[in-house]
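Please open the model in a viewer and keep the selection panel at hand. The stops below proceed from one selection to the next.

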Amino acid sequence: YLYLFVSPVAWYAASQSLDMKPGLESMIQAPPALPVQAECLRCHMSAVQHSDPGSLNRYSRLPFLHAGITCESCHGDTRQHIAAGGKGVVINPSKLTARLRDSICISCHLEGDISVERASHSALDFKPGDPISDYLAYFVYSGAGATKRGVSEVEQLSLSMCKRTSGDAMSCMSCHDPHYTPAGPLERAAFYRNKCLACHTGAVFATAHHAENPDCTSCHMPRTGAENIPHVAWTDHRILKYPEAPALSNAPAAGETLIPVFSPNSTGRDIALAYFKGLLEGNIGLQQKAYDGLEAIKPELSGDKDALVALGILSEERGDYKQAQGLFQEVLKLDPRNLTAISNLGALLAKSGDLQGAISLWRDRKSTRLNSSHIT
């Protein structure tokens, strides 16, 4: 019942663990438990499963079926291919349209500042051959440089002169071979130098351009660190002609306006939920934008559990308990086991004096959990 004494936004953010990210070396006390969230697993494992209904990170069976990244992550369902001894139909990313080809890379190599699952879609259901923008909408803060974010290789590449000149002819696969990793520093330098020379065909590049240093990436794609997530090392995919000087500490901070990237079909609902997620990550200045955005399209949100939950939490935070209660009740009509709606509606009933109603709601939820096998 601690919920009754804290902010609904703070409680929901804590339950989602949105403030926890990899890289805990700077912490001076034990961190809270990091849930096995499917949205994190999906880029590190294969065949990631949905959490059990009515839970955030509980799995009755295995959370994922295969460790690491398997063939299916890029080639789709390979059962016919394998059964036919390698002659069956399988997706070949290089033969897809540019949008569908790039979607495979974007699905794990682009985070932006905030990503939002599209209405009635889950990122776990993305399959090679689909446009990723049908499943996720990506947003970045206006004024925030692409080098300030981790997992932003696709975004950085789009800013490079190489990509802008080559257009759709260039993709991640122009330089990366998913089936081969150079063994050591010398082999790696030679491998990527050959990739550069495939386009930079002038004799000067092959013979005279810094012949003493065959590693093109050491100058044009230096390794550095992202600021929003403490990766150990990260490569600048802007492919700069001249190495960039370190950013000044007094550089202007990013604004509080989110703009879509690689998301041609993003909607007002998506941007409002992006502001809501930014609020959960600690940017309090986004609360009004999130509320206004969702409130403006409230008639359109019927059937959209994520949007209804967000508007319910924001309404409760503003003291509009009547609207919040109605929204959570609407969510439970769509999904009777929705954990957030059950928790918040119970708290609202308790606050209004209906303790029996709250106890009944929570007791039903507890009974459901005790009668199901699970792992966490």
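Begin with the largest nonpolar core, which has 39 residues: select Leu 258, Phe 276, Leu 294, Leu 301, Leu 314 and Phe 328, the members that touch the most others. A nonpolar core here is a set of buried Ala, Val, Leu, Ile, Met, Phe, Trp, Tyr and Cys residues joined through side-chain atoms within 4.5 Å; buried means under 20% relative accessible area, exposed over 50%, and partly exposed in between (1.4 Å probe, protein chains only). The model is predicted: local features need pLDDT of at least 70 and side-chain atom pairs pLDDT 80 or more, while totals for chains, interfaces and linings use all residues. Residues are numbered from 1 along each chain as its sequence is written, and side-chain values use heavy atoms, without hydrogens and water.

At least two core residues come from each of E3, E4, H11, H12 (287-296), H13 (305-317), H14 and H15; these are DSSP runs numbered from the N terminus, helices (H or I) of at least four residues and strands (E) of at least two. Next, centre on Leu 258. Beyond its neighbours within four places in sequence, Leu 258 is in contact with Ile 114, Phe 139, Val 140, Tyr 141, Ile 271, Ala 274 and Tyr 275, contact meaning heavy atoms within 4.5 Å. A second, separate core has 11 residues, including Ile 106, Ala 123, Leu 136 and Val 154.

Now display the open sheet, an antiparallel arrangement of 3 strands in the order E3-E4-E7; strands pair if DSSP finds at least two bridges between them. Its edges are E3 (114-117) and E7 (258-261), each pairing on one side only. Between E4 (residues 136-141) and E7 there are 4 bridges, and Tyr 138 stands opposite Val 261. Axes are lines fitted to C-alpha atoms, for helices over the stretch in contact, with angles from 0 to 180 degrees between N-to-C directions.

Proceed to H14 (residues 321-334) and H15 (residues 339-351), whose axes come within 9 Å and cross at roughly 140°. Among the residues making this contact are Phe 328 of H14 and Leu 345 of H15.

Ala 47 is partly exposed, at 34% relative accessible area.
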